[in-house]
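The sequence and the structure come first.

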Amino acid sequence: MIEAGHFAAFLALVFCGLQAGFGLRGDRDQSGLFAGLGFAAMGFAFFTLVYAFARSDFSVELVAAHSHTLKPFGYKIAGTWGNHEGSMALWCLVGLGFGAAGGWLMKSDRPKFESRALGVQGLLNLASLAYLLFASSPFTRLDPAPLQGQGLNPLLQDPALAIHPPMLYLGYVGYSFVFALAAAGLIEGRIDRQWAKQARGWALAAFVPLTLGIALGSYWAYYELGWGGWWFWDPVENASLMPWLIGAALMHSIIVTEKRGSFSAWTALLAVLAFCFSLLGAFLVRSGVLTSVHSFAVDPLRGSVLLAGLLILGGAALVLFALRAPKLSGGPEWLATSREGALMGNNLILTVATFTVLLGTLFPLIAEAVGQTISVGEPYFNLTFTPIMALALVALPVVQAWAWGKADLSSLWKWALGFAGIVAAFWLAGIGPLNIPLLAGVGLALGVWLIFGAGQEIWRRAKTFARLPKMPLRVWGMTLAHAGLGIFVIGAVLQSSGRTQTTLALQEGETQTVAGWDVRLDDVSSVEGPNWYAERATLTAVRGGTAAQMQPQKRYYPAARMPTTETAIHKTGTSDLYIALGDGRRNRAGETRWTFEVFLNPLIDFVYLGVVLIALGAGLSMAGKRTRTRKDAEEETA
Amino acid sequence: MKAVLAALLVLFAAEGGAQLDDPKQEARAQDLMREIRCVACENEPISNSGSDIAADMRDRVRAMVADGMSDEEIRDWFSERYGEFVLFRPSSEGPGGWLLWGAPFVLLIAGGALIFALRRGGSNASGAVEPVDPEEAGSP
């Protein structure tokens, strides 16, 4: 079975070669056909892998190394991509999927351009398939087959982390198609309004799953690591944040290219960079050059192959860009204070933010090269990334009302007054009833400001309630995404300023009070799962009239010889009471006390709600193809 | 098996981890713990780590806060003992520090100036700035 899959993957490699060959020669239909065939072949190859994992076929080396008969069925399946080789196979599958979708869905009057895009995409897929087959083949047999597998990294035995890689890869690899479109556009020297119209949908198709994938990873880290937080500025997290930031910049710049024909070169550059940063992310995670809590596959040799690929691809793309960029013309004139200027400002801030994340992530490596070992962590990003992004958030509600070309600045003072008012309100409330620090007050004000701004913008366009539902989906998408950003900011600010952490040491039967909750340890018992043992504490938390039973665990997976934390989270609607079980310690008197990390996380759900709204907004604006009336069109450009 | 496991998880150790009575001092100590890296783990601050050495380091932070040492003195103490590696907030001194802390802001300001200077994304091939029309020239 697995041999058939191996053969099918080679077949996919050949089809990709044909897709690239026909595509670059300009044969649109043949290229699209082979893209589809390649996807079908790779789909079968991937299926044989999944099948081997589902059946726990330990004669396949990958299954023996990463699976176990006692593992729940769902996680056997998810185990297919819970390792380096399998995740690379998934990467290829997604890449070929985008190629096939491109061949199927692209329907413009520029077959030559589409053909070239398919050709470039074919080349990219060819490279990733070659990497899969020759540098990290998942199709290797093991003889003799062991009776039992070595198990999966238990941290990955989790629903969020089972679907996190596919989502993330839909984003990462989705940008390979955007890259291909940009390369084809650059080859033709034509990055124009029609190009932008076509590429925008694909850029969004990558952005939405990437957003959700990052959110899933963050949510997993929140409840699984037992650290109470949702973002740790860990190198692997940063690796996924960089393509997201560039993707967000691209999403805004491509609008200018679509509506005005301006920013062509810049949009093309971002389209190229989004995939380069995706590859960089894969390299950082896979190579293990950066130690991290998340990375589960570390191999320096594979890393260097990836790095070489990244350098060749990035280099080629930049040369092409440098050759063609001067020929890209575009757009009517614009002032710095115009919608173009505003979106350029958005792009500047997002790219500088990306650069900051890159610098902070790579700086320890650079320092090590000159003989220093230093760490760059959360405090650095809080003092650089956060204020830089805050600039964009302050400006957003004001500048999104600006007109193309030249903005009317006469109402600027109203906006300044409104912003000052919101900040003052939160500041005063902060000193008084809410009792929050000044910076947190400003942060909360910023969140409210963004939500207000999102509402104001759609109101400005609709003008009456009756017309609100008739606004184009694109406008609704933008509104939702920007309001989501505000909700996210509120959640994030409350997390960084309002979270409390307390360490409790409790004996059975003992009660202590934490942040208004009376927490009693009822007992600690041993429990067993299909492939793990655990110590499970049963606690009763009481506040006011409500009582909650909470059962945090400390699990041990014998097959992987690894402990994990299973936190207990009680949602009150406005906050999470979050308890992680620590060690049991016996003192000299023979009493055992169990330590607990108890967090009270106010409105943590806002963080995730905000991010989901951003993804939803982006998705809506992609779907928005409602035929626009002339009035709508006038409004959008107004 | 379970008995073995229970024995594994129950460590024989002195009781530690007592929090400071003054909530302000405790909050300061916790902020510091988030900035100090556990020397036995991968990329974790001592506030999160379950390792014994991290627990010792936490106790040390609390003791120093209770002794009235300033944040700077506590950071220096750890930095001298374990190297600068132990601080998640790298120093801003020296050329490396300047680059790390300054580059993002320099880039932001330079980019902002560039937008004002360019104003229009060039329809002109060379990228040179064409003279703007009189109306535009008047505004910033």
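## Fold and domains of chain A

Among contacts in chain A between residues at least 6 apart in sequence, 74% join residues at least 24 apart; two residues are in contact if their C-beta atoms, placed from the backbone, lie within 7 Å. The model is predicted: local features need pLDDT of at least 70, side-chain atom pairs count only at pLDDT 80 or more, and totals for chains, interfaces and linings use all residues. Residues are numbered from 1 along each chain as its sequence is written, while chains are lettered from A and ligands numbered from 1 in the order in which they are written.

Chain A holds 19 helices and ten strands, taken as DSSP runs numbered from the N terminus (helices H or I, at least four residues; strands E, at least two). Of the 638 residues in chain A, 55% are buried, that is, with 20 or more other C-beta atoms within 10 Å of their own C-beta, placed from the backbone. Helix α18(A) has 14 of its 20 residues buried, so it is largely enclosed by the rest of the structure.

The domain bounds come from an automatic or database domain assignment.

| Domain of chain A | Residues |
|---|---|
| domain 1 | 2–324 + 341–381 |
| domain 2 | 388–499 + 606–637 |
| domain 3 | 502–604 |

The C-alpha centres of domain 1 and domain 3 of chain A are 38 Å apart. Their contact takes 15 residues from domain 1 of chain A and 18 residues from domain 3 of chain A.

Methods:
Buried ≥ 20, exposed ≤ 12 C-beta atoms within 10 Å, placed from the backbone.
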